[in-house]
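Dear colleague,

Please find the structure that I promised to hand over just below, and after it my notes on what was found. I would be glad if you read the notes with the model open beside them.

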Number of protein chains: 2
Amino acid sequence: MDMTDCAACPLRQCDLFTPFSDDELDFMAHFKSGELTVTKGTTILMEGSNSGQLFTILKGMAIRYKLLEDGSRQVINFAMPGDFLGLQAGVMGEMQHSVEAASDMTLCVFRREALWDVFRSHPSRAFDLTWISAVEEHFLGETIATLGQRDGLQRVSWALTRLFMRLRAVGLGTRKSVPLPFRQQDMADALGLSLVHTNKTLAELRQQKIATWSKGVLEVHDFDKLRSTGLVDENREAKRPLL
Amino acid sequence: MDMTDCAACPLRQCDLFTPFSDDELDFMAHFKSGELTVTKGTTILMEGSNSGQLFTILKGMAIRYKLLEDGSRQVINFAMPGDFLGLQAGVMGEMQHSVEAASDMTLCVFRREALWDVFRSHPSRAFDLTWISAVEEHFLGETIATLGQRDGLQRVSWALTRLFMRLRAVGLGTRKSVPLPFRQQDMADALGLSLVHTNKTLAELRQQKIATWSKGVLEVHDFDKLRSTGLVDENREAKRPLL
DNA sequence: CGCATTATTGAAATACTTCAAATACGGTGG
DNA sequence: CCACCGTATTTGAAGTATTTCAATAATGCG
């Protein structure tokens, strides 16, 4: 099988993540049951379903979202390489949101039953799982603060700043640009803004030579301006575990 | 010491929570290091701090919030009896939000080091911790959807519905009313609305004889109307673990 | 009783939405 | 390689929910 060896996993190199011990590495290789390749548009996990699998994103990006009763869609966040998918169904028995591939993707697949083994036999990795969950909570809290307290320009700047920082941290793009394969509609649904307003706000950032997002690529011309407009604080992201 | 025995803990009776096995009960009693009583207004946990303690709320309610760079405040959510506080600092090493008592409270206190014991020696309880974290994530996702997609009346109705359901589930209040010791400003900061608009929206719910929130008590006159206005679906809350 | 905090109400200002239509883009088949 | 079609982006203009400003009334605490 043409499967990336965990030992050779490029994500391990990113200093966004805490390093693996040899033991942990062994276990991950055992935990891993395969690799999945999906094309843009594929639904990876479905709200209400109880997938038998858990994933870590190796390549590509995805959209986590909820559909509301009235047909509108809320994008919860954007998932990137290194992100873990399916933990909710793993512990609660049911996904609370759907996940759709925004680009072609490669995913590391774990059997759900293996989750029990983690808790029974690898307490430090179980701890890491909870850690990952706590990190997720932290970002959701920040999102709530953004939707609740910031205006359109601040929201868009916040989102672009965070995406840029995260993508750079996993080694994507160049010094001032990163791939960003979403539609403006996705961004609008993430920020609770209308498509039209999102578009006009992006136009303003472009016109002010702060950032340009076009054809799937985000170019940041003035990072500090973008960051301060989005009210994102300067200090670097804390390390977190990778599964 | 005048401390509630875990075996006698009234929260265990609520069918919102999964039942305890005798083993689990034993462990919890061991895990518990004391009880804390605080008065309204006390800051229990502080953003950026690394508290040595974890808590389960036994009595009273609290506000989880973040202060933003520009001075505004976002209330992340309201914490009620049965909620677990401090897990973020426990695993990530630092709180990402503050927690302040909205009424006089009684808290069950756990030593932070005990968290390690849980993962090392009690895998099923460790699993529950992750479960609790996943439940938290679920609610934050729902909050994001509310702030992003719903208008003022829907937001207020959503919040009152959830609070009412949750408080009833932990045995508080009567059939149609529950204690709700927050200020309108707290609700406004939670929903991303101005105080004035929140007030006018509450006035409308009152005038329409749907719900009245006054002097720390929420009376729900037409639950189904409130629920449907807030676009909350009918199915009952899934059980979750209690720590 | 008096003071500080919280709730209430009216009116003006505005950020954002909705509607509508034009333009650009990307992929497909001829 | 070009023509075509569906999807995504862009722009203008009118409408509206919500904010902000400002002032009064009620509540609760020492």
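Which residues of chain A does the UniProt annotation "domain: Cyclic nucleotide-binding" cover? According to that unreviewed entry, the annotation covers residues 16–103 of chain A, in the numbering used here and with a shortened feature name, and such annotations may be inferred rather than shown by experiment. Over residues 16–103 the chain is 18% helix and 41% strand, with the end C-alpha atoms 22 Å apart; helices (H or I, at least four residues) and strands (E, at least two) are DSSP runs, numbered from the N terminus.

Please keep in mind that this is a predicted model, in which local features need pLDDT of at least 70 and side-chain atom pairs count only at pLDDT 80 or more, while totals for chains, interfaces and linings use all residues. Residues are numbered from 1 along each chain as its sequence is written, chains are lettered from A and ligands numbered from 1 in the order in which they are written, and side-chain values use heavy atoms, with hydrogens and water left out.

On the aromatic residues: the structure holds 16 aromatic pairs over all chains, where rings of Phe, Tyr and Trp (its six-membered ring) pair if their centres lie within 6.5 Å, and planes under 30 degrees apart count as stacked, over 60 as edge-to-face and the rest as tilted. The rings of B:Phe84 and B:Phe110 have centres 6.1 Å apart and planes at 35°, so this pair is tilted. B:Phe84 lies in strand β6 and B:Phe110 in strand β8 of chain B, so the pair ties together parts that are 26 residues apart in sequence. Both B:Phe84 and B:Phe110 are buried, that is, under 20% relative accessible area, with exposed meaning over 50% and partly exposed in between (1.4 Å probe, protein chains only).

Strand β10 (residues 211–214) of chain B pairs with β11(B) in the antiparallel sense over four bridges, at least two DSSP bridges being needed for strands to pair, and B:Ala211 stands opposite B:Val220.
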